[in-house]
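I opened my notebook to work through a structure that was new to me.

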Amino acid sequence: MPPASSQFVVVGLTRGLAFTENPCLADQVAWVRANSKPAHAYAMATFPTSAQLITYRNAGPWRGTTRAAQLSNVGYAEATAAVASLRKVGWRPPVVWIDVEPRPAQPWPGATAQQRLENRYVVEGLMRGLREAGFSYGVYSYTSGWEAITGGWRLPAVPVWATAGRLDYPTEAADRCTQPSFSGGRVHLSQWYDDTRDYDRTCGTYAFTPLPVPPSSMTGSASDLDGDWRNDLLARSGDGALWLYRGNGTGGWLPRVQIGSGWNGMDVIDTAGDLDGDGRPDVLARERATGYLWLYRGNGTGGWLPRVRVGTGWNGMSAIFSPGDLDGDSRVDVLARERATGYLWLYRGNGTGGWLPRVRVGTGWNGMSALLGPGDLTGDGAADVLAREAGTGRLVLYPGDGRGGWKPRITYGTGWNAMSALVGPGDFTGDRVPDLLAREAATGYLWLYPGNGAGGWQTRVRVGVGWQSLTALA
């Protein structure tokens, strides 16, 4: 047991790997109580074996029809197992840390970008499992380990427990509290170790209270506005009211909620993702009368924090939308088509609601009558763009190369001019594959085109009627 002089402890729930149980947990929790020590818990995140993938691939909230969804469900099951250990001993710590580090006994695959994305799915499943069980969570790792496992995943709103390993100089652990963390999140605990023990310290004024975490950390999601890990849709009615159509996670709807009024003054509305780095999806809107670009900062529960003006002179753009992270730096970007030239400009997000210098990434885009960012339709880990050709009605997929450029484009069938709105809601069906929503002009029907994970579509499904009365969809 720790020395009685310890000021706090962090108790392991697992025995080196997920789905194992710390055999000393009951004794250690009893020691915490007997000595009245503040305490957190931690649980190992582990990439599943083939047998574990088979066992747990449906043991979570995602529809286990894709590998991404199955991996997320395994992570969720890892969290469920850790929570079961806590319930067995009747303990509810204020925070459960997710330990993400290399494990020789069951290594994380990390040779390719796709493998590192799959690792994120596992960790994300743990996050959702802990949150839905009512626990605050954070991540434990170190820079090289986090990079090797997740590809440097930026989670600026998720708390961090950072390790310095063996101390190279006396103040190294203290410096971890103030240095940029491996994931961009705020460091609350730092750690070091020697041949005898692990040692930890708090950072700043942290006092072992529950930590605020984002409602949802879904990979590639721009549309989970209410923080329930299910993607949503925004719609404006003719009277200027803004409505949140809350997705149910399986391709349908929960009751809609009005979240704004007076939106008729906006001629662009786009669910942009987390532009300001607080872990909550935001919305971009252009004011018709002024050309101002406004950032409506989401509060994570379907409402807004105070809006911020992030640009002027945007009336020169005939299309403005977010593709997600197009240049591969883990920050949300914006694409804009210049009306006079047809140039497509990439406004690279700086992660705090502003822009790095813009880059021209295309010419001749005035021939497109619709542009949208659907997410990673091709399943290669890079954000893509969909465009509709005005003259032909063909839908064209521009697969992103992950560096701000394009792979060869893919053309779908004709007839898409029959649609008066195209929207990329992300994963609307719960299988972790981005989908497409399209409103049919003649009927007002809203059609769901489920993505197949390889750049194409499964059979479409009608998910709404009467949508012709809505003047904007995002």
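My entries on a sheet, a hairpin, a pocket and a helix pair follow.

**Entry: the model**

I noted at the start that this is a predicted model.

**Entry: a sheet**

I looked up a sheet first. Strands in a sheet pair through backbone hydrogen bonds, and the pairing can be parallel or antiparallel. In what order do the 4 strands of this open sheet lie? I read the order as β23-β24-β25-β26. The pairing is antiparallel. I then checked the edges, where I found β23 (419-426) and β26 (461-464). Each has a single partner strand, so one side of each has no neighbour in the sheet. From one strand to the next, the twist averages 30 degrees.

I followed β23 to its partner. It pairs with β24, residues 435-440, in the antiparallel sense. I noted 5 bridges for this pair. Which residue in β24 is the bridge partner of Ala-421? I found Arg-439 there.

**Entry: a hairpin**

Next I turned to β6 (residues 187-193) and β7 (residues 198-202). They pair over 5 bridges, in the antiparallel sense. How many residues lie between β6 and β7 in their hairpin? I noted 4. I also looked up Leu-189, whose bridge partner in β7 is Thr-202.

A probe the size of a water molecule, rolled over the atoms, shows where empty space is left. I went to the second largest pocket, with a volume of about 950 Å³. Its lining has 31 residues. Which of them are the closest to the centre? I wrote down Pro-2, Val-9, Val-10, Asp-198 and Asp-200.

I then listed the elements that give two or more residues to this lining: β1 (9-12), α1 (25-34), β2 (39-44), β6 and β7. The largest share, 4 residues, comes from β1. I sorted the lining by class as well. It has 16 nonpolar, 9 polar and 6 charged residues.

**Entry: two helices**

Two packed helices are described by the angle and the distance between their axes. I looked up both for α3 (residues 67-89) and α4 (residues 113-132). Their axes come within 7 Å. They cross at roughly 40 degrees. That angle makes α3 oblique to α4. Is the crossing of α3 and α4 left-handed or right-handed? I noted it as right-handed.

Technical notes. Residues are numbered from 1 along each chain as its sequence is written. This is a predicted model: local features need pLDDT of at least 70, side-chain atom pairs count only at pLDDT 80 or more; totals for chains, interfaces and linings use all residues. Side-chain values use heavy atoms; hydrogens and water are left out. Two strands pair if DSSP finds at least two bridges between them. Axes are lines fitted to C-alpha atoms, for helices over the stretch in contact, and angles run from 0 to 180 degrees between N-to-C directions. On a 1 Å grid over the protein atoms alone, a cavity is a set of points where a 1.4 Å probe fits but cannot get out, and a pocket is an open set with protein on both sides within 12 Å along at least five of seven lines; lining residues have an atom within 4 Å of a point. Grid points are joined across faces, edges and corners, and a volume is the space filled by probe spheres set on the points. Ala, Val, Leu, Ile, Met, Phe, Trp, Tyr, Cys and Pro count as nonpolar, Asp, Glu, Lys and Arg as charged, and the others, Gly among them, as polar. Angles under 35 degrees count as roughly parallel, over 145 as roughly antiparallel, 65 to 115 as roughly perpendicular and the rest as oblique. A crossing is left-handed if the near helix is turned anticlockwise from the far one by less than a right angle, and right-handed if clockwise.
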